[in-house]
Amino acid sequence: MASSPPRPGRDTRVARLPPRERILDAAEELFLREGIRAVGVQAIAERAQTTKMALYRHFDTKDALIEEWLRIVAAGYSSAFDRTEAEHPGDGRAQILAVTRFFAEGLPEVAERGCPFVNSIAGLPDRQHPARRLIEDHKATQRRRLTAMCERAGVRDPDEAAAEITFLMEGAQISAQNGSVDRAGERLLTAVEAILERGGADGGS
């Protein structure tokens, strides 16, 4: 498969990174573009401007590299939840809307590069694979945190509301990725606000 041109400024930026970060950066670019199973270790090493031997000094196996990359992606989402709770202490409705905006603002990148979790699941048919379990644990934790936010917001059925919001957020990412719905971010925010209003959330109109 022919490789696409590097992102503007990538070579300069990557050259400044430590070897481990260069490998992770290269893995992310190739995994998102070609899929985790289609990409070999040699291609990742070359894209990271290093060698297979150096790669294996940092990651015992390709599966370990996949898992670490997904752990970093999951940590980015977790940090967004952390920031939201810190910026809106005790205000569940504001927390939910802030998290929703975080998802909405990330949709253009998802449209361009795809969702790392969705793309990776297709290459992880074994549900016992550590990377697959990492994704499932991350999604379960995210759902619990949304449920807690719904409780703080005074929604009548917090678990059901959190399920609906999760469905909308992940559906918006899929819609952005395949281009099936326009204005996905705007529609996502409107739909989540409607769930909160219907559920009697504090602070609603």
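Guide: A helix is a DSSP run of H or I with at least four residues, while a strand is a run of E with at least two; both are numbered from the N terminus. This is a predicted model, in which local features need pLDDT of at least 70, side-chain atom pairs count only at pLDDT 80 or more, and totals for chains, interfaces and linings use all residues. Residues are numbered from 1 along each chain as its sequence is written, and side-chain values use heavy atoms, with hydrogens and water left out.

Visitor: Is A26 buried or exposed?

Guide: The place of A26 is in helix α2. A residue is buried under 20% relative accessible area, exposed over 50%, and partly exposed in between, with a 1.4 Å probe and protein chains only. The relative accessible area of A26 is 0%, so A26 is buried.

Visitor: How far apart are the end C-alpha atoms of α2?

Guide: The buried residues of α2 include R22, I23, L24, D25 and A26. The expected span of a helix is 1.5 Å times one less than its number of residues. For the 16 residues of α2 this gives 22 Å, which agrees with the separation of its end C-alpha atoms, 22 Å.

Visitor: Which residue with a positive phi follows α2?

Guide: The helix α2 covers residues 19–34. The residue that follows α2 has a positive phi, near 100 degrees, and is G35.

Visitor: Into which domains is the chain divided?

Guide: Domain bounds come from an automatic or database domain assignment. The C-alpha centres of the two domains, domain 1 and domain 2, lie 26 Å apart. Their contact (heavy atoms within 4.5 Å) takes 16 residues from domain 1 and 17 residues from domain 2. The division is into domain 1 (15–59) and domain 2 (61–199).

Visitor: Which residues touch the most other members of the largest nonpolar core?

Guide: A nonpolar core is a set of buried Ala, Val, Leu, Ile, Met, Phe, Trp, Tyr and Cys residues joined through side-chain atoms within 4.5 Å. The largest such core has 53 residues, and those that touch the most other members are I44 and I165.

Visitor: Which element gives the largest share of this core?

Guide: Among the elements that give two or more residues to this core are α2, α3, α5 (62–87) and α6 (92–113). Domain 1 and domain 2 both contribute residues, so the core lies between them. The largest share is eight residues, and it comes from α5.

Visitor: What relative accessibility does K62 have?

Guide: K62 lies in helix α5. Residues up to four places away in sequence aside, K62 touches F31, I36, R37, V39 and V41. K62 counts as buried because its relative accessibility is 16%.

Visitor: Where is Q49 placed?

Guide: Phi of Q49 is near 60 degrees, a positive value in a residue other than glycine. Q49 is partly exposed because its relative accessible area is 44%. The place of Q49 is in the loop between α3 (41–47) and α4 (52–58).

Visitor: How much of the span of residues 40–59 is helix?

Guide: An unreviewed UniProt entry annotates residues 40–59 as "DNA-binding region". UniProt positions are given in the numbering used here, feature names are shortened, and annotations may be inferred rather than shown by experiment. The end C-alpha atoms of residues 40–59 lie 14 Å apart, and the span is 0% strand, while its helix content is 70%.

Visitor: What covers the buried residues of α8?

Guide: The helix α8 has 23 residues and reaches 33 Å from its first C-alpha to its last, close to the 33 Å expected. Its buried residues include A131, R132, H138 and C150. The covering elements include α5, α6, α7 (116–121) and α9.

Visitor: How many disulfides does the structure hold?

Guide: C115 counts as buried because its relative accessibility is 1%, and C150 counts as buried at 0%. A disulfide is a pair of cysteine sulfur atoms within 2.5 Å. The number of disulfides in the structure is zero.
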